[in-house]
Amino acid sequence: MNETTKSGVRFRNRLWSALRAIVFVCVIVFIWQGMAKTATAFVAIALIMGWFKLYQLRGQDIEKPYYRLWLNFIDGFLSFAVMTSIFVRDLVYSESPEKILGVGCAVLLARLIAHTLFSLGVLREGKNLPHKRRWSKLANLATTITMGVYLLNLEQYQQICMVATILLVLASTVAYAYWYYRDPAHRKPLSIASQLTMSRIVLTPFFLWVFFYDNDLDYSNNSLVFKILALVMVLGFMLTDFLDGKLARAMGEVSTLGKYLDPFSDKISNMTIFMCFIATGYAPVWMVALIYFRESSVETLRTLAASEGMIMPARKSGKWKTALQGIGIVAILLGAIDPVQKLIPNFESIWNVFPQAVMGVITAITIISGIDYFVSSKHILKKFV
């Protein structure tokens with residue numbers, strides 16, 4: 001691409017950014033004029049413009065660094081201003097404003113400040129800013145969609161859209177912070193496989209928040225929206241666990257970091273879920289303790305093997321264990337959803353034993369898998385015992 005063509009793309013990108021900024025200003029004006037439907041229409045225009053700018057113009061790829069910084073700042077500030085206007089409007093006119101909307105505004109402001117400071121730091125080092133990655137693009141689109149949902153007052157979708165936006169914003173921020181704090185000589189975007197693996201680690205603490213959103217240890221009292229969201233998060237954990245290894249091998253991006261992060265992220269996510277099950281009565285403490293004992297013992301064995309320069313390959317029993325743990329967790333969370341319970345005759349009598357029975361099977365398979373690992377690794381143990 002020659003310089004004349006680049007200049008044309010930059011001009012269109014800046015013009016498009018200016019027009020989108022005007023659209024957001026109009027949204028703020030319409031919000032305070034009480035014209036929710038008109039404001040929603042302009043949000044839809046902003047969404048289409050944002051998509052076109054990110055995926056068609058692609059001016060960010062060749063924009064000058066400081067222009068990129070300030071264009072991103074203006075776009076982020078206006079998104080924060082629109083969301084804050086919706087929140088303040090609810091505070092003024094609603095008896096019970098959404099607390100999670102306030103949390104979303106705080107997260108957007110924190111992201112805007114952190115991203116701007118980090119970007120200035122990178123530019124002062126004489127480095128180029130990283131291009132917007134998938135997480136960042138998805139977070140921007142999700143933020144705009146959430147604005148429309150709140151403006152239309154679609155109560156059944158507000159919380160889930162805001163939680164999804166917060167999670168995507170935090171994921172994009174963590175990805176940027178990871179890139180920023182790496183050694184400048186080695187800065188490069190994480191591979192897709194590693195991003196998927198790290199997403200499980202980053203999102204696991206938010207599973208706790210979703211699981212206990214009603215501040216009650218009894219999960220059955222939780223909102224249906226958050227029960228569904230917890231199930232979707234677990235399905236997402238399972239999907240990313242399946243995809244990260246496949247993508248790493250298919251794209252030739254198998255790395256030492258990925259080999260260690262993948263099992264670590266699995267254990268972090270699954271053990272967090274099992275501890276939630278203890279709190280709400282779905283699993284007795286001794287079962288989760290045995291699962292933890294197996295996981296920590298096998299990891300210690302792997303560490304010992306690595307210290308001797310030996311590789312302890314994954315066993316089929318370990319893969320079966322991971323799969324069955326995921327299926328069992330999904331079965332329990334699915335059974336906790338109210339509409340599902342109504343479909344099953346005599347559900348209450350079944351549910352009194354179902355979670356503990358599923359956890360019993362998971363515990364047994366986990367212990368058998370651990371024994372298999374130790375029996376197959378006698379040659380490693382002989383070096384230390």
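Q: If buried means a relative accessible area under 20%, why is Thr 280 called buried in this predicted model?

A: Thr 280 has a relative accessible area of 14%, and because a residue counts as buried when this value is under 20%, Thr 280 is called buried. As for its place in the chain, Thr 280 lies in helix α9, which covers residues 256-280.

Q: How do you know that the side chain of Thr 280 makes a polar contact with Tyr 219?

A: The side chain of Thr 280 reaches the backbone nitrogen of Tyr 219 at 2.7 Å, and since a polar contact asks for N or O atoms within 3.5 Å, this distance meets the cut-off. Leaving aside neighbours within four places in sequence, Thr 280 is also in contact with Phe 211, Leu 217 and Asp 218, as well as with Tyr 219 itself.

Q: What makes the pair of Arg 20 and Asp 75 a salt bridge?

A: The N to O distance between the side chains of Arg 20 and Asp 75 is 2.3 Å, and because the rule asks for a side-chain nitrogen of Lys or Arg within 4 Å of a carboxyl oxygen of Asp or Glu, the pair is called a salt bridge. The two partners come from distant parts of the chain, with Arg 20 in helix α1 (residues 3-32) and Asp 75 in helix α3 (residues 65-93), 55 residues apart.

Q: Are Arg 20 and Asp 75 buried or exposed?

A: Arg 20 has a relative accessibility of 6% and Asp 75 has one of 16%; because each value is under 20%, both residues count as buried.

Q: What makes Glu 295 and Arg 294 both buried residues, and which network of salt bridges includes them?

A: Glu 295 and Arg 294 each have a relative accessible area of 5%, and because this is under 20%, both are called buried. Their closest N and O atoms are 2.8 Å apart, and the network that includes them also links Lys 267, Glu 299 and Lys 321.

Definitions and conventions:
Residues numbered from 1 in each chain as written. Predicted model: local features only at pLDDT ≥ 70, side-chain atom pairs only at ≥ 80, totals over all residues. Heavy atoms only, no water. Helix = DSSP H or I, 4+ residues; strand = E, 2+ residues; numbered from the N terminus. Buried < 20%, exposed > 50% of the residue type's maximum accessible area, 1.4 Å probe, protein only. Polar contact = N/O pair within 3.5 Å; in protein donor to acceptor, adjacent residues only side chain to side chain. Contact = heavy atoms within 4.5 Å.
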